[in-house]
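Let's take a friendly walk through this complex together. Keep the viewer open beside the text and follow along.

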Amino acid sequence: MHVEVKVPEFRVPQAQNQLEPANRRDRNPADTGSGGRSEGHSPVRRFLLARGNSAFTDMGFHWLMVLCALSIFGIVALIVWELLKGSDLAWANFHFGFFYKSYTDTYSGQTSYWDPVNGQFSAVPFVYGTLVSSFLALLIAVPLAIGVAIFLTEMCPRALRAPLAFLTELLAAIPSIVYGLWAVFELVPLLRVDVNPLLTRYLGWSGLFSDDNPTGLGFVAAAVILAIMILPIISSLTREVMTAVPHSQREAVLALGATRWEMIRMGVLRNARIGIVGGIILGLGRALGETMAVTMVIGNTPEIHKSLLSNGTSMASVLANEFAEAVSDLHRSALIEIGLALFIVTIIVNALAQLLVWAVTRGAPSQAH
Amino acid sequence: MGVGIEVQNLNAWYGNNHTLQDINLNIPANHATALIGPSGCGKSTFVRCLNRMHETNPIARVTGVVRIGELDIYSDAKPVEIRRRVGMVFQRPNPFPTMSIYDNVAAGLKLNGYSNKRSLDEIVERSLRNSALWEEVKDDLRKKSGASLSGGQQQRLCIARALAVDPEVLLMDEPASALDPVSTSKIEDLIFQLKSQYTIVIVTHNMQQAARVAEKTGFFLNGRMVEFDSTHKIFTNPSDKRTEDYITGRFG
């Protein structure tokens, strides 16, 4: 049986077809037959046909995007090049010793790492300070951030959820210098008067909390302020990945007779752990490079002591403090080399983090869905 | 061995929505009982009331009496204790994707602090054999994740997970509705074997399934239980007109 299929005509009705009527009348009847329509093309069709194949604009767009993408590589390459060139002099003087040597002052007989007067430079206390303050900050921030995230996703009354989440995220919007000011006027006195004496009394036996620094400045102060600064990053990411865990996973654990905490541990945290590690890495990234607030409270002394209550310094702090006042070429070059080292440390930490992510994901061939 | 379930005047709400109204029935021990009815009739809510999963939703509310064996679950016990005695299998397979097959099955026991490794191995094997999955997974118990299995295997893994804690009652909320016909028939065979040892309550959309696996069948409609009787009677000579309309396909 033959079925007649009616093809609807997608043409502008004649009555409304008032665009360039002269043109249509002039059209050669032989041309108009090509589209299967004897009266010629509609204005819309004519307009589209006149646009051609658009190859030129498409090509232009393509290369514009390539340029944008390449500019990222270009900027990174320029930074590396500038750092390498600037640190040339320090590298020629100290080689790898820059990252492990200490110097004995010929006059006082004391060990030192950083002596602009005598032209002796070593990055050891700065790398140490950056790593110690950052990891100490993680130690404080991670449990707190995960706790905040658990409360917000699993326990918080619905009405409080949005305002509390907003407040934690607002912490990330406060400028670093404001944190620094708050730390100098509020946090450091608090640590000096109330917290540090307790740490010394109860944990002093470990040697990590000696009482020889009466200022309240130092690694602990820096770590606390860093912890507050990285808390919102870690907690908001953790919250996001926890919310993404499907409800069916929670029900599966609950149906096995789990308590609320067991449900959170087995049904939520376990499924979200990869994302949580990602959040911690982001937090570490910020902690390593954080400059202003740390500079204001870490004490800025290029020395290494076992005690976490002693003054220290960090790579970013020494750059902020000394770059403008570096008189000798060697001093400036040494500072640039620290900048280079900070760059490299950040890359190493990120690589380590990737490795960590790989290690935890290895056990789970497929992710939560 | 399983125990019977006695339900008296059970009412349940979601917010202002009265989803279950005055349900009364006795579910016999060591038999399979099917609950049928159109979507939204309250049969899923009903099974979720049997292990107090219904109340995990903050807007949900329940009144009435449910006795599992001798235990009045709404007045004598906490939800956690009840769920340790009543296993549940959900509509969509929900194995733990970050755990191996072994850990998935052992999850309920590990959760409750059971740590005898030798007997854990035995329980895992027995549960997987009982859920007819052992032969398919025995070589990569610890190598493969629970999520790497096919849908039907995942659902049998979830059944093994529920069996591992040796429940007295096994609730199944449309356990085969997300599966292909071959997996479905495997699940049905499984229910057929398991019902001598456990009290099974199975919610299903599929009336043939109810007819195949269950001794007793309840028909739910609009939050009420219209009829509860032997499966044979429900499908051959129902006493209520609405049941007859439903099973003959006149609606739903």
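Predicted model: local features only at pLDDT ≥ 70, side-chain atom pairs only at ≥ 80, totals over all residues.

The predictor assigns the complex an ipTM of 0.91 and a pTM of 0.78. For chain B, the average pLDDT is 91, and 99% of the residues score at least 70.

Let's begin with chain A. Its secondary structure consists of 14 helices and four strands. The chain has 369 residues, of which 32% count as buried. If you take the contacts in chain A between residues at least 6 apart in sequence, 76% of them join residues at least 24 apart.

Now look for the nonpolar core. The largest one has 148 residues, and those with the most contacts inside it are A221(A), I225(A), L226(A), I230(A), V297(A), V201(B) and I202(B). Helix α9 of chain A, residues 219-244, gives the most to this core, with 18 residues. Beyond its neighbours within four places in sequence, I230(A) is in contact with A137(A), A141(A), G283(A), R286(A) and A287(A).

From there, step to the loop between α8 (176-203) and α9 of chain A, where you will find L208(A). For a sense of scale, L208(A) and L84(A) are 124 residues apart in sequence, and their C-alpha atoms are 37 Å apart in space.

Next, turn the model to see where the two chains meet. Chain A brings 20 residues to the contact and chain B brings 21 residues. On the side of chain A that touches chain B, the elements giving two or more residues are α10 (247-255) and α11 (260-289) of chain A. Which of the elements gives the most to this side of chain A? That is α10(A), with six residues. By type, the residues on this side of chain A divide into nine nonpolar, eight polar and three charged.

Finally, move over to chain B and its open sheet of six strands, which has mixed pairing and the order β6-β7-β8-β3-β9-β10. The edge strands, each pairing on one side only, are β6 (86-89) and β10 (224-230) of chain B. From one strand to the next, the twist averages 15°.

On one side, β3(B) runs parallel to strand β8 (residues 199-203) of chain B, joined by four bridges. Here L35(B) has V203(B) in β8(B) as its bridge partner. β3(B) also pairs in the parallel sense with β9 (residues 216-221) of chain B, again over four bridges. In that pairing, T33(B) stands opposite K216(B) in β9(B).

Technical notes:
Residues numbered from 1 in each chain as written. Chains lettered and ligands numbered in written order. Contact = placed C-beta atoms within 7 Å. Nonpolar A, V, L, I, M, F, W, Y, C, P; charged D, E, K, R; others polar. Pairing = 2+ DSSP bridges. Axes fitted to C-alpha atoms, helices over the stretch in contact; angles between N-to-C directions. Core = buried A, V, L, I, M, F, W, Y, C linked by C-beta atoms within 7 Å. Buried ≥ 20, exposed ≤ 12 C-beta atoms within 10 Å, placed from the backbone. pLDDT = per-residue confidence, 0-100.
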